[in-house]
Amino acid sequence: MEHSNRERAALDAALFRLHLDVERSRKDQLLDYLSLLLEKNKRLNLTSVTDFDDAVVLHLEDSLSSYEDFCQETGEFLDLGTGGGLPGIPLAIVSGRSGALLDSVKKKARAVGSFIYELGLEDSLEAVGMRSEDYATDHRNSFQTIVSRAVAPLGVLEELASPLLAPGGTLIAFKGPASKEGEASGVQDPFLLGFELESSRNVVLGDGLYSRVLYRFKKVSEAKIDLPRRAGMAQKHPLL
């Protein structure tokens, strides 16, 4: 795909803010992905962000803000609740890691599958349209890293991730700027679900107009209850 100098400059600025040195071919893939996402979004609701420059910040820069944490692990990763492929596709492009992009909405997973094919990533990435509770049946303890961006409260996310994450693996959760107050239960009592909070840090995006909190949890044991529960129970009757 052809990309304008303005689009390339917007991506370069985002990578500069993140202190990431990315080779030209991977930059092209990032821009190609964003173009595919925004074009598909005209027919299927994948994102509320429709401006290209805004999407560079709110999708690419946001996703890659976790790169330092993401690359502390190797092995297969899972993007839990990937939506339009975020943060999994940008992280996979820059890191070269392989993994699965999971979403319970099948038409979103099909769209992500088409992005994977058009980007030439089908040998390393797979899009799956399935609830995480069902996916865990055949993929227990399968992933070294799980990433999830604004999918659910921390306690719910920990419950969904726990049976899928390998012992010693890492859960990276992207939350909004108010999450340190609103997510207190998941931070204060993660041990029930087998997690230990390793770190939380504030991330400023773009020119300081947007911010995130990134939580990093380590799976230190199996959950103290039998997981997964029946589909939907984590959201309807959260444990934390």
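1. Strands here are DSSP runs of E with at least two residues, helices are runs of H or I with at least four residues, and both are numbered from the N terminus; two strands pair if DSSP finds at least two bridges between them. The model is a predicted one, in which local features need pLDDT of at least 70 and side-chain atom pairs count only at pLDDT 80 or more, while totals for chains, interfaces and linings use all residues. Residues are numbered from 1 along each chain as its sequence is written, and side-chain values use heavy atoms, with hydrogens and water left out.

2. Seven strands make up an open sheet of mixed pairing, ordered β3-β2-β1-β4-β5-β7-β6. At its edges lie β3 (125–129) and β6 (195–205), each of which pairs on one side only.

3. Within this sheet, β1 (residues 77–80) runs parallel to β4 (residues 143–149), and three bridges join the two strands. Leu78 has Ile146 of β4 as its bridge partner.

4. His59 is a residue of helix α3 (residues 52–64). Is His59 buried or exposed? His59 counts as buried because its relative accessibility is 5%, where buried means under 20% relative accessible area, exposed over 50% and partly exposed in between (1.4 Å probe, protein chains only).

5. Leaving aside residues up to four places away in sequence, His59 touches Leu34, Leu37, Thr47, Val49, Leu86 and Arg149, contact meaning heavy atoms within 4.5 Å.
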